[in-house]
Amino acid sequence: MIIREKQNPIITKEQIKPTAENLVVVGVFNCGAVKYRDEIILLLRVAEAIANQNSEVIQIPIADRKIKNGYSIKEIAKDYHKYDFNDSRFIYKLDGKRQIENLTSISHFRLARSKDGVNFIVDQVPTIFPETVYEEWGIEDPRITHLEGSYYITYTAVSKYGVCVGLIKTDDFIQFQRLGIIFSPENKDTVLFPEQINGKYYAYHRPVPTEIGYPDIWLSSSTDLLHWGEHEHILSVATNDWSQQRIGAGAPPIKTKAGWLNIYHGADNDGKYYLSSFLTSLDDPGRIIKIANKPLLTPTEDYERIGFYPNVVFTCGAIMENDMIDIYYGAADDKIAKASISLDDLLSLHD
Ligand code: MAN
């Protein structure tokens, strides 16, 4: 029922010009998506690493306010007694508590535009670059919500202080205004609703409890988009095997006659990522009306199975037009793909 775009993957790292000469693009994935004027705009997560590494040390890019569109470099000795280098995304410390010492790459946002939603022109330079102390390890996974005439971008801000959620506002995709951190660590996968409900703004987000509890989806409300409260747990990692490890909101909620349509991700215990959906009440986003009992999209294609981090389909944006839903998604953490499904077909997957 869901149809993958024939030209998939529609954006690959070969199309992205590195930010500086000493960098190499390791992935372009997890993009926000929105219709703006007569174009489809994607805000791409572009991950870069230091090019030409030598064999004794690993060089890590760190965002540094003083360097415009470039990074300072941290060196980590390749000491296999001290660190674990087996995960392509992280360097783990082996002594003491198992903690992440650093990410192996750093991400920024790049704008891509298209008239047909398939062939995209990608900006040659960064659109939004990591800047604040909470972004020293990068900015990731942007979600765009069109709300009251402006566009709000929720994103993951990563630093040695943890993984948290930032908010940026734009009216034109040229000037961007940072509004600060809206959820403290550890939290990510935050989507804003495109309108107020009973006089309040709403967001789904995904805190990560460490000792008690699981990475589940929560709902919060706000009257100014900056201060969030009335936190409510809404969806648990399921007992089905494709979402046992973690879940998180994907695309910002889409308004339909049947309710708010939410396309979200789940990961199984092997770290394989799937997409699925649930429907919430139009006047109470805390009330789940229906939920699909199987995945909408499973990583089966080579471009989803093989890449920087294998077996991942992960969305940050979907666009509905004339009851067709176009889902833009990151494939294997290094490319962007697209899949489409009619609203009726999608709703028929719900119990
Ligand atoms: C996840 C992945 C990584 C990301 C880290 C930190 O494990 O999405 O790509 O860098 O979290 O946010």
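Q: How do the residues of the lining of the second largest pocket divide into nonpolar, polar and charged?
A: They divide into 11 nonpolar, 2 polar and 2 charged. Here Ala, Val, Leu, Ile, Met, Phe, Trp, Tyr, Cys and Pro count as nonpolar, Asp, Glu, Lys and Arg as charged, and the others, Gly among them, as polar. Before we go on: this is a predicted model, where local features need pLDDT of at least 70, side-chain atom pairs count only at pLDDT 80 or more, and totals for chains, interfaces and linings use all residues. Residues are numbered from 1 along each chain as its sequence is written, and side-chain values use heavy atoms, with hydrogens and water left out.

Q: What counts as a pocket?
A: On a 1 Å grid over the protein atoms alone, a pocket is an open set of points where a 1.4 Å probe fits, with protein on both sides within 12 Å along at least five of seven lines; lining residues have an atom within 4 Å of a point.

Q: How many residues line the largest pocket?
A: There are 46, with Phe90, Tyr92, Ile100, Val163 and Glu186 nearest its centre. By class, that lining has 17 nonpolar, 11 polar and 18 charged residues.

Q: Which strand gives the largest share of it?
A: Strand 9, with 4 residues.

Q: Where does the ligand sit?
A: In the largest pocket, meaning more than half of its atoms lie within 2 Å of the pocket's grid points.

Q: What surrounds the ligand?
A: Arg45, Arg89, Phe90, Leu103, Glu140, Thr156, Val158 and Lys188, each with a heavy atom within 4 Å. That shell has 3 nonpolar, 1 polar and 4 charged residues.

Q: Which side chains make polar contacts (N or O atoms within 3.5 Å) with ligand oxygens?
A: Glutamate 140 at 2.6 Å, lysine 188 at 2.8 Å and arginine 45 at 3.0 Å. Taken alone the ligand exposes 310 Å², and the protein buries 81% of that (Shrake-Rupley method, 1.4 Å probe).

Technical notes
Polar contact = N/O pair within 3.5 Å; in protein donor to acceptor, adjacent residues only side chain to side chain. Helix = DSSP H or I, 4+ residues; strand = E, 2+ residues; numbered from the N terminus.
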